[in-house]
Amino acid sequence: MNKSTTSRSAKTFRVAGLPGDGVGPEVYQSARQVLALMDACFNLSIELDEQLIGGAAVDATGNPLPQATIDACKSADAALLGAVGGPKWDTNPAEQRPEFGLLKIRSTFNLFCNLRPIVTHPTLHAFSPLRPERLAGVDLMMVRELTGGIYFGKKWREADQAEDVCRYTRSEIERITRAAGDLARQRKGRITMVDKANVLETSRLWREVVSQVLEDEFPDVSLENLLVDSAAMHLLTRPADFDVMLTENMFGDILSDEASMLCGSMGLLPSASLNESRFGLYEPIHGSAPDIAGQGKANPYAMLLSVAMMLRHSLDCTNEAEALEHSIYRCWDEGILTPDLGGACSTTQITDAVCERLSSSANTAG
Ligand code: IPM
Ligand code: MG
């Protein structure tokens with residue numbers, strides 16, 4: 001971005017771009033193309049500082065989260081990640097696995113609040129394994145605690161035994177509950193908290209703290225408790241009943257993949273991982289999909305919806321986020337889809353289609 005262009009823009013932001021592995025670079029390229037258009041369409045300049053993460057970083061530096069990447073994130077307003085992982089690194093020791101880079105960026109930047117919106121769209125109902133009548137009106141926000149629990153507890157391994165400790169503190173539960181409470185207030189005012197309180201001590205602490213925080217600070221928000229096994233079932237039998245679903249790290253990981261199938265494909269789900277300042281890491285939930293990498297058929301919609309979440313949550317550009325989302329929904333209505341949704345469009349064809357609709361909506365508005 002040259003200086004004269006930057007200075008003409010009303011708003012200027014810096015974003016750390018982390019393409020990563022597998023289909024990551026392909027969907028990242030799609031985000032880049034859309035972001036480049038933001039200047040012309042909305043006078044919004046987004047400078048991308050591209051850095052290594054995951055397997056690509058292991059190959060280049062031996063470290064899945066190099067210091068240069070951390071530094072770039074520190075001086076950025078947000079980070080945009082494609083995906084990490086792949087069979088090539090599966091036998092690496094834990095700290096040289098691509099996923100370790102992702103876990104480390106989450107913990108380094110305190111990204112404790114993971115948001116995964118699950119919204120079904122009528123045009124895509126046919127692609128979900130569920131019957132359409134169950135899918136109507138589904139609009140739930142999965143709020144997953146992202147920097148605690150079994151993912152980050154003490155771990156050890158001997159030849160014939162291993163242990164992963166699941167630990168949570170009161171303050172970790174309080175802050176994610178407040179985030180969920182704030183969100184519920186902007187939505188339908190309902191929280192379903194998911195745990196395994198009939199077995200796990202951490203879950204019993206969660207129940208105590210969540211109900212206390214909601215009672216004291218969010219008396220207008222209602223609370224329902226579900227055990228995780230039953231939540232897995234209720235997500236299929238009554239998905240439209242949920243508003244905000246609040247849960248600890250691993251249950252949220254599992255339930256969000258399950259919930260993604262309500263929308264028709266994992267290739268449609270964006271996510272935001274936020275800390276207490278405005279900084280956030282934005283990524284599609286689908287992962288690196290090594291089986292289809294390099295074939296030009298990766299679904300870029302989850303990444304583009306992640307860009308919209310970034311515009312909304314970290315850059316405070318709500319109108320631009322909405323314009324992008326509407327361009328995406330228009331493409332869905334017009335059947336512009338990748339093979340995972342029965343379509344024949346390539347990643348780049350979809351990106352071009354979204355860009356065309358975005359430009360024409362900006363021209364109409366302007
Ligand atoms: C996710 C992913 C990650 C997780 C992996 C890649 C470490 O599955 O973001 O849901 O388990 O959190
Ligand atoms: Mg996952």
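Glu133 counts as exposed because its relative accessibility is 57%. Exposed means over 50% relative accessible area, buried means under 20%, and partly exposed lies in between (1.4 Å probe, protein chains only). Arg131 counts as partly exposed, at 49% relative accessibility. The side chains of Arg131 and Glu133 meet in a salt bridge.

This is a predicted model, in which local features need pLDDT of at least 70 and side-chain atom pairs count only at pLDDT 80 or more, while totals for chains, interfaces and linings use all residues. Residues are numbered from 1 along each chain as its sequence is written, chains are lettered from A and ligands numbered from 1 in the order in which they are written, and side-chain values use heavy atoms, with hydrogens and water left out.

## Salt bridges

A salt bridge here is a side-chain nitrogen of Lys or Arg within 4 Å of a carboxyl oxygen of Asp or Glu. The whole structure holds 24 salt bridges. Three of these pairs are listed here.

| Pair | N to O distance |
|---|---|
| Arg106 and Glu283 | 3.4 Å |
| Arg131 and Glu133 | 3.0 Å |
| Glu334 and Arg357 | 2.8 Å |

Glu334 and Arg357 form a salt bridge. The pair links distant parts of the chain, 23 residues apart: Glu334 sits in the loop between α12 (318-333) and α13 (347-365), and Arg357 in helix α13. Helices (H or I, at least four residues) and strands (E, at least two) are DSSP runs, numbered from the N terminus. Glu334 is partly exposed, with a relative accessible area of 44%. Arg357 is buried, at 12%.

Arg106 and Glu283 also form a salt bridge. This pair too links distant parts of the chain, with Arg106 in helix α5 (residues 98-108) and Glu283 in strand β12 (residues 280-284), 177 residues apart. Both Arg106 and Glu283 are buried.

Elsewhere, a network of salt bridges links Arg14, Glu47 and Asp49.

## Gly85

Where does Gly85 lie? Gly85 is in the loop between β3 (78-83) and α5. Gly85 counts as buried, at 5% relative accessibility. Leaving out residues up to four places away in sequence, Gly85 touches Asp21, Pro98, Glu99 and Ser288. Contact means heavy atoms within 4.5 Å.

## Pockets

On a 1 Å grid over the protein atoms alone, a pocket is an open set of points where a 1.4 Å probe fits, with protein on both sides within 12 Å along at least five of seven lines; lining residues have an atom within 4 Å of a point.

The largest pocket holds about 560 Å³ of space. Of its 23 lining residues, the closest to its centre are Pro117, Val119, Arg312, Glu325 and Tyr329. Helix α12 gives the largest share of the lining, five residues. By class, the lining has 13 nonpolar, five polar and five charged residues. Ala, Val, Leu, Ile, Met, Phe, Trp, Tyr, Cys and Pro count as nonpolar, Asp, Glu, Lys and Arg as charged, and the others, Gly among them, as polar. The largest pocket lies between domain 1 (1-109 + 279-366) and domain 2 (115-266), because both give residues to its lining. The domain bounds come from an automatic or database domain assignment.

The second largest pocket has a volume of about 430 Å³. Of its 16 lining residues, the closest to its centre are Cys113, Ala179, Asp182, Leu274 and Asn275. Here α7 gives the largest share of the lining, six residues.

Conventions: Points joined across faces, edges and corners; volume = space filled by probe spheres on them.
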